[in-house]
Number of protein chains: 2
Amino acid sequence: MDNLHIGFIGLGLMGKPMALNLHRSGGSLVIHNRSQEVVRELADLGMTPAASPREVAQQTEVVVLMLSDTPAVERVLLGEKGVLEGLRAKSLVIDMGTTAVMPTREFARAVEEAGSDYIDAPVSGGQIGAIEAGLTIMAGGRTDAFERAKPVLSVLGGNVTHVGGAGAGQVAKAANQIIVGLTIGAVAEALALTQACGVDAKNVREALKGGFAWSRIMELHGQRMIDGDFEPGGRSETQRKDLQQALDLAEAVGVELPATRLCRGLYDELIEQGGGNLDHSALFNVIRRR
Amino acid sequence: MDNLHIGFIGLGLMGKPMALNLHRSGGSLVIHNRSQEVVRELADLGMTPAASPREVAQQTEVVVLMLSDTPAVERVLLGEKGVLEGLRAKSLVIDMGTTAVMPTREFARAVEEAGSDYIDAPVSGGQIGAIEAGLTIMAGGRTDAFERAKPVLSVLGGNVTHVGGAGAGQVAKAANQIIVGLTIGAVAEALALTQACGVDAKNVREALKGGFAWSRIMELHGQRMIDGDFEPGGRSETQRKDLQQALDLAEAVGVELPATRLCRGLYDELIEQGGGNLDHSALFNVIRRR
């Protein structure tokens with residue numbers, strides 16, 4: 001990583017610790033962010049601020065994006081003073097946010113037509129994973145581009161998988177979000193029934209340990225439900241957005257996902273009740289109250 | 001276990017290997033089953049056949065039931081020539097099948113009024129778990145009765161948990177079945193979407209390994225979906241029955257389980273399409289075909 005000039009755009013809850021990990025591993029970082037406070041903080045540590053995504057691209061070989069949604073990626077990449085305006089020949093753009101699949105394929109095409117490589121590499125593991133460089137990273141794109149991105153990605157997470165061509169990382173992330181949301185729903189219904197029967201949910205969680213019903217969600221989010229601790233973690237509002245994005249994708253490719261649709265509706269209810277900023281395991285509250 | 005006289009009623013796919021494990025560990029078994037073929041086979045190994053559940057109870061201190069459904073338990077326990085007619089004072093009855101919670105509480109009361117102990121101790125882990133003595137066992141009943149049952153249960157499985165009072169084991173089993181069924185649904189929708197996007201589901205499963213979306217179901221049943229191998233394992237017909245039993249229980253205690261209801265409906269579809277004898281992971285077929 002020594003002397004590799006890495007651009008990093010989007011220094012939020014996830015982006016900031018990821019940029020710090022790249023900096024510590026020897027990368028020379030050029031950063032850009034809408035809010036300036038974090039930029040000043042990271043500049044004090046030796047990173048170089050740039051006034052626009054274009055200027056980031058002009059000064060680097062690899063540009064990492066960690067933005068909140070698809071419109072933000074489109075703006076930063078294709079908009080005025082965007083990455084594409086400043087991109088050097090044979091650069092590499094890595095989008096690590098959760099971006100819709102169909103636009104991702106367009107972004108990849110635009111960057112490749114400009115003579116550079118594009119990798120979509122969304123992550124799972126939350127802020128803790130970002131801080132501890134323990135992210136699960138699902139990458140899509142051409143094999144040679146993935147090989148180029150791998151040293152950078154390996155700094156950020158332990159499990160880096162090349163899933164397929166452009167957009168395949170985002171497909172894997174959609175699959176991830178479907179499973180996380182629906183498994184939270186499954187654990188919520190099971191524990192709500194348990195409590196309604198007057199049985200201690202803690203004991204049921206213990207009894208299921210290691211069996212067919214066991215999952216990372218039961219381990220972590222089942223415990224949150226039992227404790228009534230819904231400090232995020234992953235926000236319900238984000239989970240709903242991700243499920244809706246998966247449903248939009250499903251419609252685009254002609255597959256119906258009835259359980260995902262129902263789960264999205266349960267998150268709608270949770271958010272209507274004011275739970276949008278709670279951890280996604282607060283779905284338990286929607287089940288319990290009926 | 002040496003010289004403990006154990007009755008075993010119900011020698012099917014699960015009961016037969018469980019009886020064999022008790023026999024090997026030194027128990028003196030008295031057995032009864034509707035079909036006589038397995039009885040002859042086990043008698044050749046040294047177990048003692050009895051003509052009725054009553055006769056089993058007359059000759060033993062502990063009576064284990066491993067029957068297919070709640071009506072069978074009621075018949076064997078309370079029916080003519082049933083266990084209750086032959087029960088010695090201070091015996092112990094252990095029901096290890098998946099039996100409805102409300103009737104289980106009645107069965108416990110009837111046995112306790114006859115001066116004996118009752119434990120509900122349903123299992124998870126399938127035939128493999130039964131053969132390898134690796135069952136997960138969820139027990140409900142009085143603490144002293146559980147302590148009495150524990151040496152017997154420990155021969156059959158590694159994870160034996162006392163969940164709570166009478167019926168609590170069956171509540172845990174209902175929770176188990178909800179989570180297993182709904183997690184299969186979650187993995188099915190995620191992998192169906194993956195394939196509809198033209199992405200290799202094998203790679204997505206690999207990418208999610210160890211992350212928040214990881215579960216025993218993804219590990220085992222996700223692989224079955226990818227391989228299209230729906231040889232049971234656990235039958236879809238049984239999964240539907242268990243989900244319906246959980247829904248009936250939910251109704252009895254006044255909690256609504258929308259995702260469980262939807263999942264039961266998907267199993268209805270699978271069974272209508274002729275998939276009742278396929279492994280429950282064949283739910284994948286219902287999603288895929290839309």
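A polar contact here is a pair of N or O atoms within 3.5 Å; within protein, one atom must be able to donate a hydrogen and the other to accept it, and residues adjacent in sequence count only if both atoms are side-chain atoms. This is a predicted model, where local features need pLDDT of at least 70 and side-chain atom pairs count only at pLDDT 80 or more, while totals for chains, interfaces and linings use all residues. Residues are numbered from 1 along each chain as its sequence is written, chains are lettered from A in the order in which they are written, and side-chain values use heavy atoms, with hydrogens and water left out.

**View 1. The two domains of chain A.** Chain A splits into domain 1 (5–166) and domain 2 (171–289), with bounds that come from an automatic or database domain assignment. Their C-alpha centres sit 29 Å apart.

**View 2. Where domain 1 of chain A meets domain 2 of chain A.** Here 12 residues of domain 1 are in contact with 10 residues of domain 2 (heavy atoms within 4.5 Å). Three residue pairs are in polar contact, both residues at pLDDT 80 or more. On the domain 1 side, helix H6 (101–113) and strand E7 (123–124) are the elements that give two or more residues; helices (H or I, at least four residues) and strands (E, at least two) are DSSP runs, numbered from the N terminus.

**View 3. Chain A laid on chain B.** A turn of 180 degrees with a shift of 0.0 Å along the axis puts chain A on chain B with an RMSD of 0.0 Å (least squares on the C-alpha atoms of residues with pLDDT of at least 70 in both). The two copies are therefore related as by a two-fold rotation axis. Ser215(A) is the residue of chain A that comes closest to that axis, at 2.0 Å (C-alpha).

**View 4. The interface of chain A and chain B.** Each chain brings 61 residues to the contact. Together the chains bury about 5,100 Å², 71% of it on carbon and sulfur atoms; buried area is the accessible area (1.4 Å probe) that two parts lose on being put together, summed over both. In chain A, Ile179(A), Leu193(A) and Phe212(A) lose the most area to chain B, together 15% of what that side buries.

View 5. Between the chains, 14 residue pairs are in polar contact, both residues at pLDDT 80 or more. Several elements of chain A supply at least two residues each to this side, among them helix H9 (168–196) and helix H12 (236–253). H9(A) gives the largest share, 19 residues.
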